[in-house]
There are 2 protein chains.
Amino acid sequence: MTGPRVATAADVRLELRAADLCAALSDPVIESATFLNEISSRHPTAISLAAGRPYDGFFDPGQITGLVDEYVRHLRDEGLDDAAVTRHLFQYGRTAGHIHELVARTVANDTGLVVDPASVVVVTGAQEGMFITARALCAGPDDVLLVPTPCYIGMLGAASLLDITVVGVPEGPGGLRPADVAATAARVRAAGRTPRALYVVPNFANPSGHTMSAPDRAALLAVAREQRLILVEDDPYGFLAAPEDRLPALKALDTTGHVVHIGTFAKTCFPGARVGYVIADQTVRTGDGRRTLLADQLGLIRSMITVNTSAIAQAVIGGMLVRSGCRLDTVNRDRIRFYRDNMRHLLDRLTAEFPPDRRADHGVSWHAPAGGFFVVLDLPFPADEELLARSAADYQVLWTPMSYFYAGGGGSHQLRLACSALPPEQITEGVRRLARLVRDRNATAGPDHVAASAAANQTAAAAAADRGGTP
Amino acid sequence: MTGPRVATAADVRLELRAADLCAALSDPVIESATFLNEISSRHPTAISLAAGRPYDGFFDPGQITGLVDEYVRHLRDEGLDDAAVTRHLFQYGRTAGHIHELVARTVANDTGLVVDPASVVVVTGAQEGMFITARALCAGPDDVLLVPTPCYIGMLGAASLLDITVVGVPEGPGGLRPADVAATAARVRAAGRTPRALYVVPNFANPSGHTMSAPDRAALLAVAREQRLILVEDDPYGFLAAPEDRLPALKALDTTGHVVHIGTFAKTCFPGARVGYVIADQTVRTGDGRRTLLADQLGLIRSMITVNTSAIAQAVIGGMLVRSGCRLDTVNRDRIRFYRDNMRHLLDRLTAEFPPDRRADHGVSWHAPAGGFFVVLDLPFPADEELLARSAADYQVLWTPMSYFYAGGGGSHQLRLACSALPPEQITEGVRRLARLVRDRNATAGPDHVAASAAANQTAAAAAADRGGTP
């Protein structure tokens with residue numbers, strides 16, 4: 001065969017312009033990831049309060065082998081012969097995945113949410129779940145996806161890639177307020193567009209950390225029925241609540257089919273598997289009068305994106321589910337305790353560095369979440385990329401600018417801290433470094449500026465809340 | 001916590017209408033998969049000449065464990081410590097994947113195509129590669145993706161989900177004809193739209209089986225330069241060519257950056273892994289004047305779809321690459337021989353059942369491909385879903401209607417046979433059953449009808465070819 005041709009001077013290489021590529025690539029939401037990655041790789045020894053990934057300490061490479069074997073034993077127990085086991089592990093396989101029954105059993109045991117396995121689509125991480133659900137539900141150019149403001153970047157990025165219009169609903173301290181959702185949906189409809197779905201993270205939202213109350217959950221479902229909205233419930237962090245504090249998932253309260261539920265094994269098992277699931281038990285009436293499940297339609301969509309979730313990854317997660325007796329909550333007790341202790345520790349350290357009685361000096365405040373991975377800090381100065389670069393270089397501490405989570409601008413004086421990836425002593429040191437940055441920054445600006453900025457910050461936040469549905 | 005509410009008569013369940021969901025779900029291209037799956041599952045004992053999947057006999061569940069270990073050894077040899085190995089297997093990891101260097105080495109050894117590992121994006125199967133490449137390149141509503149007619153369903157489905165307009169270029173017996181591509185691109189441009197890219201499978205195309213000649217490859221690259229087209233080269237079957245027959249990949253001939261190359265390990269390793277790759281070494285100039293690689297931009301897009309390729313799946317494929325010394329061609333000798341023998345056998349059996357000297361009796365013809373998985377049969381009667389249902393029920397043999405591969409209509413009197421998933425004796429029996437179906441169908445219609453239909457079929461094919469750029 002012929003080898004590659006050697007380039008000559010006559011060969012002018014094509015140069016693409018970003019402006020000619022899909023517009024989403026110029027979306028600040030998608031570009032923000034690049035900046036954070038660059039900063040992280042330029043400062044590999046900095047303490048990262050930016051990374052919302054799980055703690056490495058729970059992972060053991062020696063595990064993996066045993067897990068595939070465990071899953072294969074399970075398949076044999078279910079009556080599969082050698083040929084069927086081989087097909088399960090190696091072939092294309094069922095579009096909606098082959099661990100859907102184990103997933104349904106685990107969800108039922110851990111959360112009380114009972115679903116038909118036929119309505120479970122196993123996906124390549126919750127991200128693919130968001131992507132295909134948004135694609136299915138937002139059909140035309142006038143369809144709108146409502147999102148909380150601030151919102152998880154993955155949902156904003158997926159919508160951007162799909163050219164789906166998003167309209168923000170500002171979160172209150174208790175997460176999304178049902179009345180605001182209703183008002184925004186009505187405003188969108190009055191403008192001649194169709195609010196099709198609302199993305200919502202009811203437990204320990206990323207980035208805000210907010211959790212919706214039980215009455216708000218019931219009220220949100222009533223709004224969904226009134227406004228003909230599908231609630232796309234994403235629940236990566238609910239398992240972190242103390243058993244006595246757990247609130248039912250929106251999907252568990254849903255008797256009318258208004259909730260699509262997205263789950264992930266990224267935090268309860270591990271992210272590298274890329275295994276999540278969508279529960280979509282809605283009936284879809286086709287043009288020729290047949291009835292199918294929304295899950296089947298989502299399966300069709302994903303068959304044109306990833307075909308299906310890696311069978312090997314499903315086998316490893318399947319093995320973990322089998323080994324846990326389909327009770328991840330039970331096997332994850334240590335893990336849950338670790339994350340809860342870390343959050344408590346982060347909040348304690350913040351209080352120690354920024355005592356409430358010296359609020360006027362430092363101008364820093366936060367709303368303490370009851371759990372989860374994230375805390376948002378309000379600052380008396382902009383928490384922008386310039387400050388982040390300085391924080392990394394001069395203070396060796398990383399965090400995430402909250403502006404990344406606002407599709408339509410906002411969050412300029414806020415940053416997000418994550419407590420999931422670090423051992424407690426590193427959290428202590430990270431917060432100490434952050435506090436030094438804040439003190440130095442305030443010292444440069446002078447005390448009057450701090451008070452004025454803090455006041456302006458409050459006003460801006462109030463104004464943003466008033467803006468309501470503006471994306 | 002509260003359990004799920006029990007539904008009452010007052011709760012009226014939502015019913016979605018397919019017409020309200022994304023239009024792609026009503027696209028015949030996407031719906032076709034459902035029909036074929038339903039027929040297959042209703043007739044599980046039928047011989048499937050429809051399935052283009054690899055042969056099960058090459059897969060052994062016992063392998064998997066050893067492969068992960070092999071990959072972990074490789075990581076340690078590369079100098080990674082325990083913590084780094086753990087992160088590689090369990091964490092989110094690099095968006096473009098972590099086996100990119102092994103992939104680049106294997107591609108170089110097996111095909112002579114030398115690429116910078118930084119331009120390799122490891123993806124969740126070639127399907128995700130097509131999806132993200134189409135998304136990146138087709139930016140606006142006037143951008144057009146040119147595709148061969150007939151075309152692989154996965155590419156049509158991805159374009160449909162992304163609302164990308166496709167325009168077909170009819171294939172000749174030697175695959176796509178460069179002059180036709182140029183004419184179609186010019187026609188699209190004259191109509192005020194922008195032909196941005198051409199999807200092309202130069203070796204043993206699915207479904208047609210055609211392979212482009214060396215002069216056509218060079219000419220196609222010249223057309224790409226003239227017409228400012230990116231060639232999206234998809235090459236799942238090239239490894240099946242005899243060493244002396246191998247032609248260089250378009251990417252190997254590309255000195256000007258006009259080719260994005262998509263590869264897969266679905267056939268050389270196994271499909272269940274869902275691991276493929278995109279080679280995208282094009283320079284992209286961003287709005288602020290920086291230069292990046294198209295690979296980096298594809299990485300950003302995929303970070304909003306699947307985040308990245310399952311680390312476990314990458315470890316298994318990585319283990320296979322390491323074990324092969326990054327020479328899959330060498331370890332796959334038996335596999336390649338099996339598929340080549342199967343194709344020869346399928347063609348022999350077709351000739352035996354439909355001898356050329358009795359052409360007028362049966363009205364069946366085909367163009368014999370030099371290799372690959374697929375052969376297309378021209379029939380004197382429609383090969384539609386009704387006939388497929390009858391073929392499955394009464395003759396216990398499955399095949400794929402070629403109409404599935406024509407986005408804009410066509411292929412009504414053609415079917416696709418696949419020879420990859422079956423042992424030779426099943427191919428023999430499958431072709432025998434198919435021949436019986438053809439004879440019975442012809443007997444019902446009468447000999448005059450056969451001759452007339454065959455003639456009409458020829459005319460229709462010629463007309464379709466003349467239609468040129470019509471999608």
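Biologist: In what order do the four strands of the open sheet of chain A stand?
Modeller: This is a predicted model, in which local features need pLDDT of at least 70, side-chain atom pairs count only at pLDDT 80 or more, and totals for chains, interfaces and linings use all residues; side-chain values use heavy atoms, without hydrogens and water. Residues are numbered from 1 along each chain as its sequence is written, while chains are lettered from A and ligands numbered from 1 in the order in which they are written. Helices (H or I, at least four residues) and strands (E, at least two) are DSSP runs numbered from the N terminus, and two strands pair if DSSP finds at least two bridges between them. In chain A the pairing is antiparallel, and the order is β13-β14-β17-β16.

Biologist: Which residue of β17(A) is the bridge partner of T400(A)?
Modeller: The edge strands of this sheet in chain A are β13 (365-366) and β16 (400-401), each pairing on one side only. Two bridges join β16(A) to β17 (residues 414-418) of chain A, and these strands run antiparallel. In β17(A), the partner of T400(A) is R416(A).

Biologist: Which residue of chain A comes closest to the rotation axis?
Modeller: With copies superposed by least squares on the C-alpha atoms of residues with pLDDT of at least 70 in both, chain A can be laid on chain B with an RMSD of 0.0 Å by a turn of 180° and a shift of 0.0 Å along the axis. The two copies are therefore related as by a two-fold rotation axis. The same surface serves both copies, since 100% of the contact residues of chain A (heavy atoms within 4.5 Å) recur in chain B. At 2.5 Å (C-alpha), the residue of chain A closest to the axis is T65(A).

Biologist: In which loop of chain A is the place of P207(A)?
Modeller: Most residues other than glycine have a negative phi, and most peptide bonds are trans. A cis peptide bond joins N206(A) and P207(A), with omega about 15°, and F204(A) has a positive phi, near 50°. The place of F204(A) is in the loop between β7 and α8 of chain A. P207(A) lies in the loop between β7 (194-200) and α8 (214-227) of chain A.

Biologist: What is the omega of the cis peptide bond that joins T149(B) and P150(B)?
Modeller: P150(B) is found in the loop between β4 (143-149) and α6 (153-161) of chain B. For its cis bond to T149(B), omega is about 5°.

Biologist: How far apart are the end C-alpha atoms over residues 75-434 of chain A?
Modeller: The unreviewed UniProt entry annotates residues 75-434 of chain A as "domain: Aminotransferase class I/classII large"; such annotations may be inferred rather than shown by experiment. Over this range the chain is 42% helix and 18% strand, and the distance between the end C-alpha atoms is 51 Å.
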